[in-house]
Amino acid sequence: MKKQQGFTLIELMIVVAIIGVLSAFAIPAYQKYVAKSEAATGVATLRALLTNFDMYEQDNTAGVTSLDQIGTTETAAGTLGKIELQQSGATAATGLKFTFNNAALSGAVVTFTKSASGWTCSTANIDADYKPKGC
């Protein structure tokens, strides 16, 4: 008598069903994780520039008027988003702004504004689930 080896069709279908159920939970959780990490990356990018912003104002006794003065460009963050100076009128910048381009956070904005008491972070169009800590 010859022994049969392998899996039955029912066993294979059960394994495929289990993988389907697990992926139904895993994919949305992964997408949320990616969006949260991208939001944190945008905040970290701006935080890294705050020291340069302060140092330029201190060294030059003048306000920042272009991103070149603080050692960056609009496209320094690549496809994640765009870095801009936050300005009120034609005067020197009052802060930095990061606008997201990616699908999960498209149109969302993180802003760091400088005041007499220091830097404050604010967000716009970012879902509470993705909002970075400290903003």
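Student: Where do I start? Which elements does the protein chain have, and in what order do they run?

Tutor: Start by counting helices and strands. This predicted model has 1 helix and 4 strands in its protein chain. From the N terminus on, the order is α-β-β-β-β.

Student: What does the radius of gyration tell me about how spread out the chain is?

Tutor: Set the value beside what the globule rule gives. Here the radius of gyration is 24 Å, well over the 14 Å that the rule gives for 135 residues, so the protein chain is more spread out than a compact globule. The box around the C-alpha atoms, taken along the principal axes, is roughly 95 × 25 × 20 Å. As for burial, 25% of the 135 residues count as buried.

Student: Which residues of H1 are buried, and what do they pack against?

Tutor: Look for residues with under 20% relative accessible area. In H1 these are Ala-35, Ala-39, Gly-42, Val-43, Leu-46, Leu-49, Leu-50, Phe-53 and Tyr-56. Their packing partners are the strands E1 (81–87), E2 (93–100), E3 (109–115) and E4 (118–124).

Student: How much of the contacts comes from residues 24 or more positions apart?

Tutor: Among contacts with a separation of 6 or more, such residues account for 37%.

Student: What is the phi of Asn-125, and is Asn-125 buried or exposed?

Tutor: Asn-125 also isn't a glycine, and its phi is positive too, near 65°. You'll find Asn-125 in the segment after E4, where its relative accessible area of 66% makes it exposed.

Student: Now the charged side chains. How many salt bridges does the structure hold?

Tutor: The general idea is that side chains of opposite charge can pair when their charged atoms come close. This structure holds 4 salt bridges. One of them joins Lys-114 and Asp-54, at 2.8 Å from N to O. Lys-114 is in strand E3 and Asp-54 in helix H1, so that pair links distant parts of the chain, 60 residues apart.

Student: What else does Lys-114 form a salt bridge with?

Tutor: With Glu-57, where the closest N and O atoms are 2.7 Å apart. Since Glu-57 lies in helix H1 and Lys-114 in strand E3, this pair ties together parts 57 residues apart in sequence. Put together, Asp-54, Glu-57 and Lys-114 are linked in a network of salt bridges.

Student: How accessible are Lys-114 and Asp-54?

Tutor: Both land in the partly exposed range: Lys-114 at 31% relative accessibility and Asp-54 at 26%.

Student: Which residue does Glu-84 form a salt bridge with?

Tutor: Lys-82, with the closest N and O atoms 3.7 Å apart. Lys-82 is partly exposed, at a relative accessible area of 32%.

Methods. Residues are numbered from 1 along each chain as its sequence is written. This is a predicted model: local features need pLDDT of at least 70, side-chain atom pairs count only at pLDDT 80 or more; totals for chains, interfaces and linings use all residues. Side-chain values use heavy atoms; hydrogens and water are left out. Buried means under 20% relative accessible area, exposed over 50%, partly exposed in between (1.4 Å probe, protein chains only). Helices (H or I, at least four residues) and strands (E, at least two) are DSSP runs, numbered from the N terminus. Contact means heavy atoms within 4.5 Å. The radius of gyration is taken over C-alpha atoms; the globule rule is 2.2 Å times the number of residues to the power 0.38.
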